[in-house]
Amino acid sequence: MFQIKKICCIGAGYVGGPTCSVIANMCPEITVTVVDVNESRIKAWNSDTLPIYEPGLKEVVESCRGRNLFFSTDIDSAIRDADLVFISVSPSVNPSPMGWGRVVRLILSSSRRVPDGLWRYRMVTRLSQRRAPSRFELLRNETLISVVLQVLSNPEFLAEGTAVRDLKEPDRVLIGGDETAEGQRAIRALCAVYEHWVPKARIITTNTWSSELSKLAANAFLAQRISSINSISALCEATGADVEEVAKAIGMDQRIGSKFLKASVGFGGSCFQKDVLNLVYLCEALNLPEVASYWQQVIDMNEYQRRRFACRIIDCLFNTVTGKKLALLGFSFKKDTGDTRESSSIYISKYLMDEGAKLFIYDPKVLKEQIIHDLSQPNISEDNPERVSELVTVTSDPYEACQSAHALVICTEWDMFKELDYEKIYKKMLKPAFIFDGRRVLDHLHPHLQNIGFQIETIGKKVIATRIPYTPAAACPRIAASEPPTKKAKV
Ligand SMILES: NC(=O)c1ccc[n+]([C@@H]2O[C@H](COP(=O)([O-])OP(=O)(O)OC[C@H]3O[C@@H](n4cnc5c(N)ncnc54)[C@H](O)[C@@H]3O)[C@@H](O)[C@H]2O)c1
């Protein structure tokens, strides 16, 4: 059987970095080189401060870096030497074929420089996915050397925040490839890499289409569960039910299960939206409009939930946040990662900035530059990118963020937010002091927080307490939850 001794991974990001570090850690006889066009990222992988935060990752990297794990910008050499090339680059959320074309050209240009005699059996596989058919067509058409290259599909299922655990103990490893003898041989060689630590029963092999669609469908099902429970959260707020109680009751049904039933400000991250949109695109392209619109609803519900939360903040703050200071805690798309891609915090910030709110943002792992960069994007700051410098302050201390704030808005479920000194925070804030808990992290503290004097609003539950009277929303101009707030900041 063909044995893989050298692996090259193109893309040293949230997937390529941790995946290859774990492979190197588990397979000491395989040399793994992770390459990237981004020099500063590679420099960081070679330093004490890794470019991404993942619990347990530093230990894994340090156990094999310089031994059989290398990070480099010399892409050509790494491809030339490798038996297997993983492609783990991230297409933009709105996919364009350019990213893949570049990678393919890189592989080809490196390949052409190799004298014929040196060609070994070589595979290309991928940990990422996009529009499957066009991508594989592209790879095949451009390379025209399928005798030499075998293209496998090896979607990665890790979740950020638990990447190392997911990689070391995966629910399954999925490898798809051609049903030809060559394709099967390539699949077996890659299986052998994973068999160093993954039980054989958990390694599934399929044809390429099944593998590609499984990844899209898995992410679509996960996103759908979040949108489903979020839709119920709106109903809970309207009826007096508590979405946590509903989630527990339905999750105890073994046919449904309890995971991914947490109501929140909506899902984020680089994958869910992209993959659901890919599914929608694929269905439309294959003339399945009913299926496409079914999945589109998952995205629409997510956007609705973000807008609904922003509208609630505005409603509760007496129908205006213009010029008001709001402390926004949490900017990453989930806890235990510094990744902000498609984070709901970005969109909630946008809606509040559109209304002229002054945001004081704190996140324990996201850098100030990243927050400013995210909020300055054209789709967020539209006609006035200058407003970010006028309306947004990033702080390195959650208490500082709350100083003289009208409200504290929790957007990410960082554990540390459960342990803040809320008496101290209350004293710093303007009164009435509001807490908007977009992640249900403070449920256990509600009586305590109410005793302190906070007005609490949370997702999927009416928190019963004496409310400060205010003008009913019906009598005031009110933004519609079904549309983005339109009133522009007066800056
Ligand atoms: N993030 C996740 O949780 C996750 C989970 C499973 C799968 N995926 C998929 O894995 C893929 C990678 O995602 P990610 O989160 O690691 O992205 P990322 O943006 O963190 O990393 C991609 C890296 O690729 C580099 N790159 C881009 N084009 C390149 C090129 N032509 N040559 C060399 N380097 C190049 C970029 O500089 C970047 O560092 C995506 O398709 C994503 O959908 C992501």
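In the predicted model, F221, Y294 and W295 come together as one aromatic cluster. Aromatic pairs number 11 in total. One of them joins F267 and F272 in an edge-to-face arrangement, with 5.7 Å centre to centre and 75 degrees between the planes. Both partners fall under the 20% limit for burial: F267 is buried at 4% relative accessibility, and F272 is buried at 14%. A further edge-to-face pair is formed by Y362 and F417, whose ring centres are 6.4 Å apart and whose planes are set at 65 degrees. Y362 belongs to strand β10 (residues 358-362), whereas F417 lies in the loop between β12 (407-410) and α18 (422-428); the pair therefore ties together parts that are 55 residues apart in sequence. Y362 and F417 are both buried.

Aromatic rings also take part in contacts with charged side chains. The charged end of R172 is placed over the ring of F157, at 3.6 Å from the ring centre. In a second contact of this kind, the charged end of K365 sits over the ring of Y53, and the distance to the ring centre is 4.3 Å.

Side chains of opposite charge can pair when their charged atoms come close. The model contains 18 salt bridges. Among them is the bridge between E62 and K58, with an N to O distance of 3.2 Å. These two residues are 4 positions apart in helix α3 (residues 57-64), so about one helical turn separates E62 from K58. E62 is partly exposed at 42% relative accessibility, and K58 is likewise partly exposed, at 35%.

A salt bridge also connects K461 with D242, the closest N and O atoms lying 3.9 Å apart. This pair links distant parts of the chain, 219 residues apart: K461 is in the segment after β14 (455-458), and D242 is in the loop between α9 (208-239) and α10 (243-251). K461 is partly exposed, with a relative accessibility of 24%, whereas D242 is buried at 11%.

K418 and D415 form another salt bridge through their side chains, at 3.7 Å from N to O. K418 has a relative accessible area of 33% and is partly exposed; D415, at 35%, is also partly exposed.

The model holds 0 disulfides. Two cysteines may be described by their accessibility. C191 is buried, with a relative accessible area of 9%, and C311 is buried as well, at 4%.

L286 is located in the loop between α11 (272-285) and α12 (289-316). The relative accessible area of L286 is 54%, and this residue therefore counts as exposed, the limit for that class being over 50%.

Terms used. Residues numbered from 1 in each chain as written. Predicted model: local features only at pLDDT ≥ 70, side-chain atom pairs only at ≥ 80, totals over all residues. Heavy atoms only, no water. Buried < 20%, exposed > 50% of the residue type's maximum accessible area, 1.4 Å probe, protein only. Phe/Tyr/Trp six-rings, centres within 6.5 Å; stacked < 30°, edge-to-face > 60°. Lys NZ or Arg CZ within 6 Å of the ring centre and 35° of its normal. Disulfide = S-S within 2.5 Å. Salt bridge = Lys/Arg side-chain N within 4 Å of Asp/Glu carboxyl O.
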